[in-house]
Amino acid sequence: MNVDNFRLQLGGKEYVPIIIGGMGVNISTTELALAAEKLGGIGHISDALVTYVCDRIFNTTFVSQKRKKYTQYSSTPDKSAVLFDLEELAKAQKKYIEYTISQKTGNGAIFLNCMEKLTMNSGIETLKIRLCAAMDAGIDGLTLAAGLNLRTLDLIQDHPRFRDVKIGIIISSVRALSIFLKRAIRLNRLPDYIIVEGPLAGGHLGFGPDDWRTFDLKTIFTEVLAFLKKESLNIPVIPAGGIFTGTDALDYLNMGASGVQVATRFAISKEAGLPADVKQHYINAKEEDIVVNMASTTGYPMRMLTSSPTLRYAIKPNCEGLGYLLENGGKCTYIDAYYAALSERKPGQPLAVKEKTCLCTGMANYDCWTCGHTTFRLKETTNLLANGKWQLPKAEDIFRDYQFSVDHSIRLPEPEVT
Ligand SMILES: Cc1cc2nc3c(=O)[nH]c(=O)nc-3n(C[C@H](O)[C@H](O)[C@H](O)COP(=O)(O)O)c2cc1C
């Protein structure tokens, strides 16, 4: 018995029950999402920093135009006037998603990971535009993540695809789920799938920076299943966080999961967006190199490698061009930390910004090395090459290993000759 004995049923369609989770700022690239889609599974792209991602892929100038427009705010902590142009945002979103969707070749699907905590100095308006433009561009599904907003469904209820696009939520507790469902039931629009993300996941976590060790995915997953049963709700449940082998995945499917969401193993795939040398850092990481900290300006704990260059940033806030994490009114905890560090700096000393990092710049430059807890096990999944580097596996190899492996074995990729 292996994962391939199961299928994920979503709205009358069947998928291989493997979902590659969204990995922000183009770590889960178009190519990575398409690899899952081609094999009958589900791949995510993420719309975090979408204007910046467009500029990289298509040589557009969304970021430089915005920077030019707001350049007079570059030396002041007041960024309240630094706003996104909603039409430009919609244009970027459509361009990126249409580009991805138009390349589908398989029977799988491509979903968008939408990080709701990306408040962009106008949280509700920008969120609405992002979601509506994604549906216009033909996205198969919307996964509502980090910072789940209770009003999200209201925002998009008038869109013609509101009932046809697949909508999923990521939660880490029954409490968050039940709050979201109350509003969804009132709108008669239940989510099509629920991703239960445990404390071992990468990216931002739905747990405290110190208490994540006291939770475990299996317990939360079981509680969610029991809750849905009690409420007579039949919604596919998909666990995520620390599912490292096909056998781990199979265990959850046998317990009643409809599929699994995985990411860490794909972060080092050839198709993932991280630069090749950063992928080597991931594979070389030891368990003690992986921490959960509060450096993210979202206010949520985030897991990352201690060697992440972003943790040593003392750069001027970069909100004029980027500014994705500005709260309404133009606030960001990194701006506060930066200006506090400037005023406390003793003459002749280097600037040191403590506790917070400029996440926009860190993610844009691939300097924030967020990762799942199991990153230290990536060495088990590939070959050490004669040149001392680790081979980067193809997404297809990893996908198929999840799909077909048994007894916790991990099939290594065909060795590459260097
Ligand atoms: C490098 C990396 C970046 C991630 N970025 C995001 C993100 O932007 N948004 C999100 O909702 N989840 C993010 N995640 C979480 C994954 O989508 C996924 O749910 C989780 O990591 C699965 O657990 P695993 O990594 O142990 O397989 C990220 C995970 C990794 C490894």
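The buried residues of helix 5 are covered by elements that include helix 4 (86–101), strand 5, strand 6 (141–145) and helix 6 (152–156), where helices (H or I, at least four residues) and strands (E, at least two) are DSSP runs numbered from the N terminus, and contact requires C-beta atoms, placed from the backbone, within 7 Å. This is a predicted model, in which local features need pLDDT of at least 70 and side-chain atom pairs count only at pLDDT 80 or more, while totals for chains, interfaces and linings use all residues. Residues are numbered from 1 along each chain as its sequence is written.

Helix 5 itself runs over residues 123–136 and reaches 20 Å from its first C-alpha to its last, close to the 20 Å expected at 1.5 Å times one less than its number of residues. Among its buried residues are Leu-127, Ile-129, Arg-130 and Leu-131, a residue being buried if 20 or more other C-beta atoms lie within 10 Å of its own, exposed if 12 or fewer, and partly exposed in between. After helix 5 comes Gly-138, with a positive phi near 95°.

Beyond this helix, the chain holds 14 helices and 13 strands. Its radius of gyration, taken over C-alpha atoms, is 21 Å, close to the 22 Å that the globule rule gives for 418 residues, so the chain is as compact as a globular protein of that length; the rule is 2.2 Å times the number of residues to the power 0.38. Buried residues make up 51% of the 418.

Terms used:
Two residues are in contact if their C-beta atoms, placed from the backbone, lie within 7 Å.
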